[in-house]
Amino acid sequence: METKEFAVNVEHLRKSFDGKEEVLKGIDLHIEKGKITFIIGFSGTGKSVLLKHLLGVHKATSGDVEVLGHKLSTLNHDQLIEVRKKFGVLFQAAALFDDHSVLENVMFPLNEHRKDLSKAEREQIASSRLKQVGLEEKHYNKLPSEISGGMQKRVGLARAIALNPEIILYDEPTTGLDPIITEMVDNLIIETHKSREGMTSIIVSHDLTAAFRLADYIAMLNAGTVLLYGTPEEFLASDNELVRKFVDKGIHRK
Amino acid sequence: MENIMNKTKEIINDFILSIGHFFYNTIIIETGKIGVFFIDSISWWFKKPYRWNEVIYHMEFVGNKSMIIIMLTGGFTGLVFTFQAWVGLSIVNAENLIGPTVGLGITRELGPVLTGLIIAARAGGAMAARLGTMRVTEQIDALEVMGVDAKNYLVAPRILASIISTPLLTAVFDFVALCGGYFLNTYILHLDPAIFLEKTRFFVDPSDINEGLIKAAVFGLFFSTICTYRGYYTKGGAKGVGDATNQGVVASMVSIIIIDYFLTKIIGMFKGHGL
């Protein structure tokens with residue numbers, strides 16, 4: 001029998017800010033290594049807060065988050081930084097450094113963590129990542145403000161995969177993009193995932209069409225808990241009222 | 001009548017309570033948070049990775065790019081201060097003391113304080129706005145998740161650069177202001193330049209210049225810490241960035257004026273002349 005290996009284990013995760021109402025009310029989630037997992041849900045259900053717990057940006061009020069075998073709550077600052085090197089993150093608005101050129105943005109994580117490489121080697125890796133996401137060389141020396149939103153996403157993705165991460169997280173990667181760019185980003189996600197053996201992709205999204213097209217697993221959050229976790233087929237077959245409502249609305253809108 | 005008394009009591013109680021809240025939240029809590037932020041940030045001066053390139057980059061921003069404005073302000077401050085000193089001293093026929101009056105006033109007080117205020121507005125405001133924008137556009141989060149400590153990369157070099165650059169700018173301010181004073185004394189008021197120079201040399205001690213430079217370094221530390229703190233913890237969008245910049249600059253300027261008094265007293269105690 002095949003044994004599943006998990007990249008992320010979330011156990012009874014609870015979070016409240018300043019002792020006020022809980023945003024996460026006991027999340028249990030096990031994300032399988034090497035698979036694409038979508039985290040979906042209505043707005044305000046705690047998706048982004050959960051993502052920030054996986055990154056160790058937020059500390060849990062109670063419960064545990066284990067990433068690649070490291071229990072984040074037990075790590076000191078330096079150990080947390082070591083774990084984060086294994087992550088790549090594509091932010092919703094790409095979060096590119098606006099005073100760095102496109103190439104410098106992609107070189108940034110390499111400059112920080114691959115000092116063993118020469119500058120030329122780092123530049124070469126950055127260029128190859130940019131080529132991989134389909135960005136033409138004529139844009140390399142432009143500032144992020146001089147390229148389109150779709151291109152910024154590509155650069156953000158190139159930067160996220162610069163260090164060859166084991167886990168890549170996407171925070172609302174297609175929100176606010178037109179259908180053509182959305183499809184392009186979806187294709188990039190799948191190509192990036194396939195290009196690296198064993199890479200785990202975690203995508204926080206509202207885009208159900210993409211979820212059903214790309215996901216191996218889908219976790220739906222509702223009111224700070226996991227309402228349903230399963231394959232796309234299990235989602236479509238679910239008779240849970242909220243799941244049905246979300247799926248019907250999401251698919252019909254497309 | 002009793003109602004009016006009760007209402008008055010209530011208003012006085014609320015007023016006292018609001019003062020208490022202000023002191024507790026703004027002075028004690030906020031000062032504590034800024035203190036922790038400062039210690040946390042400067043601990044990176046002694047830990048790898050060292051950010052010398054960033055320090056030099058920010059010194060160029062705080063220092064070089066402020067040079068023109070500092071020279072301009074210094075020159076005119078020297079001119080106006082010398083003129084006012086002449087107005088006052090000529091009443092008692094003590095024009096020969098214009099040089100030392102201007103020299104001591106500039107090197108010990110006006111130089112560091114005006115430089116601090118100008119740099120807090122120019123560079124401090126820019127620091128708060130920059131970090132605030134980085135916060136609301138998730139660039140700081142991006143740094144953190146890339147395994148780069150944001151305080152190490154963004155805050156510690158800015159504070160160090162400000163501590164180094166502000167005294168250097170103050171020295172420029174002092175020099176230009178004294179040149180302005182000399183010019184007014186010699187070419188506008190037609191007073192003896194030799195007396196101006198000799199009396200200044202006699203009364204202005206190197207320790208007076210040092211006092212101003214020490215003050216400037218402390219002002220650099222304060223405005224950069226306050227402004228980076230405000231920027232680092234910006235919340236909201238463009239409004240948040242605007243608020244952070246405004247609060248950072250105002251708090252820095254007020255702090256500089258208040259700290260100046262205490263620094264003057266402390267340095268005076270060391271020099272043996274008190275206040």
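Helices and strands are DSSP runs, numbered from the N terminus, a helix having at least four residues and a strand at least two. The exercises below apply this to a predicted model.

**Exercise 1.** Determine where A:Leu68 is found and whether this residue is buried or exposed.

*Solution.* 
Step 1. In chain A, β4 covers 62-67 and β5 covers 70-71, and A:Leu68 is found in the loop between them.
Step 2. The phi angle of A:Leu68 is positive, about 50 degrees, although the residue is not a glycine.
Step 3. Buried means under 20% relative accessible area. A:Leu68 has 18%, and is therefore buried.

**Exercise 2.** Carry out the corresponding analysis for B:Glu138.

*Solution.* 
Step 1. The loop between α4 (98-136) and α5 (139-145) of chain B contains B:Glu138.
Step 2. Its phi is positive, about 65 degrees, and B:Glu138 is not a glycine.
Step 3. The relative accessibility of B:Glu138 is 17%, so the residue counts as buried.

**Exercise 3.** Describe the peptide bond from B:Lys48 to B:Pro49 and locate B:Pro49 in chain B.

*Solution.* 
Step 1. Omega for this bond is near 0 degrees, and the bond is cis.
Step 2. B:Pro49 lies in the loop that joins α1 (2-42) to α2 (52-62) in chain B.

**Exercise 4.** Explain how the buried residues of α2(B) are arranged around the helix axis.

*Solution.* 
Step 1. The buried residues in α2(B) include B:Glu54, B:Val55, B:His58 and B:Val62.
Step 2. Viewed down the axis of α2(B), the buried residues fall within an arc of 100 degrees, so they line one face of the helix.
Step 3. In general, an α-helix has 3.6 residues a turn, so residues three or four places apart point the same way.
Step 4. The exposed residues B:Trp52, B:Asn53 and B:Ile56 are carried on the face of α2(B) turned away from the buried side.
Step 5. The packing partners of the buried residues of α2(B) are α4 and α6 (150-188) of chain B.

**Exercise 5.** Summarise the overall build of chain B.

*Solution.* 
Step 1. Chain B comprises nine helices and zero strands.
Step 2. Its C-alpha trace spans about 70 × 65 × 35 Å along the principal axes.
Step 3. Chain B has 275 residues, of which 45% count as buried.
Step 4. Among contacts in chain B between residues at least 6 apart in sequence, 82% link residues at least 24 apart.

Note on methods. Residues are numbered from 1 along each chain as its sequence is written. Chains are lettered from A and ligands numbered from 1 in the order in which they are written. This is a predicted model: local features need pLDDT of at least 70, side-chain atom pairs count only at pLDDT 80 or more; totals for chains, interfaces and linings use all residues. Side-chain values use heavy atoms; hydrogens and water are left out. Buried means under 20% relative accessible area, exposed over 50%, partly exposed in between (1.4 Å probe, protein chains only). The arc is that of the directions from the helix axis to the C-beta atoms. Contact means heavy atoms within 4.5 Å.
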